[in-house]
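Me: I'm new to reading protein structures. Could you walk me through one, feature by feature?

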Amino acid sequence: MSRDWRRSLRAAAVGYAFLGAPLAGYIVFTIVPVLGAFYLGLLRWDLLTEPRFVGLDNVGRLLTDAKFWNALKNTVVFCLGSVPMAIGGGLALALLMNQAVPGIRVFRGIYYIPYVTSWVAVALVWSWLFDRDYGLLNFVLRVGGISGPAWLNDPTWALPAIMLVFAWKWMGFYALILLAGLQSIPRSLYEAASIDGAGAWARFRNVTLPLLSPATFFVVVTALINALNVFDPVVVMTQGGPNDATQTVVKYIVDNAFQFFQIGYASAVAAATFVLILALTLGQNWLQRVWVYYD
Amino acid sequence: MSDPIDHSTADQRRFTRRAALHVALGLMGASLLAACSTPPAAAPTSPPAPAAKPTAAPAAQPTPATAAAAPTTAPARTSGQPAKLRYALWDEAFLPIVTSTFADFTARNPGITVEPEIVPFDDHFTKLQREFAGGNAADVFHLNTANAAAFAFGKQLLPIDDRLTQAGLKRDDFLKESLDIYVYPDGKLYALPFYLDSMGFAYNEDLLAKAKVPMPKELQAQGKWDWAALRDMAKELTSGDGPDKVHGFLAQNDGQTGYFNFIFANDGALWNEDYTKTALDSPADMEALQFMADLILKDKTSPDPQALQTQAKLPRFYAQKLATFMAGSFNVINLRKNITDFHWDVTLMPKSKKQVGFIHALAHGIYAKSPNADAAWELVKFMSTPDQVKKWGTEGVGVPALKSQAGAFASPPPANIQAFVDAINGAKANLQNVQIGKSGVPLGVRDGVVTTNRGKQIGEVFSGRQSVEDAMKALAAEMNKALEETKA
């Protein structure tokens, strides 16, 4: 009995020793700063003068700050627009890449390139494509007889434009995950469905989608987190403008922290965002019981 | 004014004397340094000063310097220990100027090297502020007035009055216009200006000749150089379409190189009389902004904000896609370098109700908690010697802040470079920080909020999405709210 106990203790110790290195990094660089942000949210601090403890003042300010609510609204709209676009596009790509076509590996590589390209490079190139006067997009529209908008400088179009870039950038990554999911679906199920007289759509609807749901679940969760944290393309392409039309929550946090030097308030916004994302992820975890099938 | 050259050589002498003394002290100096962190142990090693002094020394408080105090405090860092100073600036064009100065400095102060750090303007001050919070900022850095006031308020800048006196320099040795904007509300100096810059009207003489438009310099001489003349001229100079479009002028969404000048010329102001509210929503200011907006939106003689994102001001001028623009004296260095295939000149800004422009000066600040504060001061002092200050003039950046060298910004090109010097007469600076400080906290502390909101709302006007009146009302509300919060 005691020998067993000792053995299991030793096994656990070895396990924790292996876990230790990554865990220490995670604690030092993620957990502690997150807790720190919660504490900073209770202060008023401009990085210049001594911080002052103000309790929940920052939370009160948050609730009545029209600019925060505007940023939150933009972020939600951004998620609703970009996540389906990215996942829908990813799924379409995955289905295409799942075909036995010669040279398909090359295409798989090509679709993955946007994901490994730096956000700044992507955003800069797209800014040029979206340029009102010299952009390729408006050039094509002009050829078609349409006078294109100013895109990134138009309050109506700026956010959708960034959604498009976001979807384009992530599509290849999601496609790869979904492709792996597709390839793990046993062929025998399709054959059985065919024998039962199922057409292409019925096979997709009743075999592919349910069996792909674990992969889809992962993709939805990560895509939503990525979209909620959108920052790089906003900074490079619009700086949150025009007139706050593309101001997102994370950009608002950075503005407050490092432009306006309201570290306390910025931390309060960050803490609120953290809670929001956590709640969404927990909600999805709960929801997955309804729509995710594991075999 | 006494001859500053004498002061510098006197400093040099004192410096070597200090150095010799330090060599004599030998290890003792080192032990004093080592003991700095442990206050009680330090006391016995410091001969003349009271027991507490040596511990204060490395924090670089300028002790009311007697001859005896100087050698015990200063030299430990400046001459004895090899020091590596970090020097932060934002303008890459200044790099050749400062590096030549650093070479001269290191030649005279062996052991002290200076490493320039270039950070683009948009990040320069925010990076400094983050470094302050981390306790490890650049030792010496370029400052503008808004940030100088904010940093002094946060006690991040080394007070320099006592050191200035010690070095035998007087406030009176500096151009009043350059010094005034750096005097903090408490009356003290925390930054030392090195050049004063002003705004002029730059034009492509070839394009004007081709369009048979009279040169602004001549109009100025005839007393006809006003806003109406500018508007007509811009129309004459604007031609072409699409990629071939040439714009006559550039109305830019920027204070220093844009609307400040139009507002002042229209007898407007940036703040109300007691500096408690913005004046950007006053009739004179709104009229000035409307004039600029009309050039962009009605006459289409100026590129709009969107177009400027594709190609910026200076590249447009170099490529002869922009016939005229408001140049800062600090642009001259780049204009000289990049214009090879056309003639250009400058004159004063056109007048509306007055003929005034905006002036500003750049200053050196020293990090208050720098471990090398004494060496940093030696550098700033050296950069304020006549020979070094002069470079900002001869290289075409601005009027050297030292009165004795103010004439150094005078040699062409451009032929009429004197216009930048003339523009200083009666020009207005932005005294917002100094003045507002008298009623509370310097606005610089909130400068990010103010400038971001200002740029955003004026951008709405220049893009044609909002009327001047609506935008300025919204802006005034935001800015005044920021001011209120500053007081709290």
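This is a predicted model: local features need pLDDT of at least 70, side-chain atom pairs count only at pLDDT 80 or more; totals for chains, interfaces and linings use all residues.

Me: Let's start with chain A. How many helices and strands does it have?

Reply: Chain A has 12 helices and two strands. Read from the N terminus, the order is α-β-β-α-α-α-α-α-α-α-α-α-α-α.

Me: What is the radius of gyration of chain A, and what would a compact globule have?

Reply: Chain A comes out at 24 Å, while a compact globule of 295 residues would be near 19 Å. The C-alpha trace of chain A spans about 85 × 75 × 30 Å along its principal axes. Buried residues make up 33% of the chain's 295 residues.

Me: And where chain A touches chain B, how many residues are in contact?

Reply: On the chain A side there are 17, and they meet 20 residues of chain B. The chain A side splits into eight nonpolar, five polar and four charged residues.

Me: Now helices. What's the general idea when I look at one?

Reply: An α-helix has 3.6 residues a turn, so residues three or four places apart point the same way.

Me: OK, how many residues of H15(B) are buried?

Reply: Eight of its 11 residues are, so H15(B) is largely enclosed by the rest of the structure. Among the buried ones are Gly258(B), Asn261(B) and Phe264(B). The buried residues of H15(B) pack against strand S4, H16, strand S5 and helix H24 of chain B.

Me: How do I describe the way H15(B) and H16(B) pack, starting with the angle?

Reply: Helix H15 (residues 255-265) and helix H16 (residues 283-297) of chain B pack at about 130°, and their axes are 8 Å apart. The two helices are therefore oblique to each other. H15(B) passes H16(B) in a right-handed crossing. From H15(B), Tyr259(B), Phe262(B) and Ile263(B) meet H16(B) residues including Ala288(B) and Met292(B). The residues of this contact are seven nonpolar, no polar and one charged.

Me: What happens just after H15(B)?

Reply: There, Asp267(B) takes a positive phi of about 65°.

Me: Last one: is Leu179(B) buried or exposed?

Reply: Count the C-beta neighbours inside 10 Å: Leu179(B) has 20, so this residue counts as buried. Leu179(B) sits in helix H11 (residues 176-180) of chain B. Leaving out residues up to four places away in sequence, Leu179(B) touches Arg171(B), Phe174(B) and Pro193(B).

Note on methods
Residues are numbered from 1 along each chain as its sequence is written. Chains are lettered from A and ligands numbered from 1 in the order in which they are written. Helices (H or I, at least four residues) and strands (E, at least two) are DSSP runs, numbered from the N terminus. A residue is buried if 20 or more other C-beta atoms lie within 10 Å of its own, exposed if 12 or fewer, and partly exposed in between; C-beta atoms are placed from the backbone. Two residues are in contact if their C-beta atoms, placed from the backbone, lie within 7 Å. Axes are lines fitted to C-alpha atoms, for helices over the stretch in contact, and angles run from 0 to 180 degrees between N-to-C directions. Angles under 35 degrees count as roughly parallel, over 145 as roughly antiparallel, 65 to 115 as roughly perpendicular and the rest as oblique. A crossing is left-handed if the near helix is turned anticlockwise from the far one by less than a right angle, and right-handed if clockwise. Ala, Val, Leu, Ile, Met, Phe, Trp, Tyr, Cys and Pro count as nonpolar, Asp, Glu, Lys and Arg as charged, and the others, Gly among them, as polar. The radius of gyration is taken over C-alpha atoms; the globule rule is 2.2 Å times the number of residues to the power 0.38.
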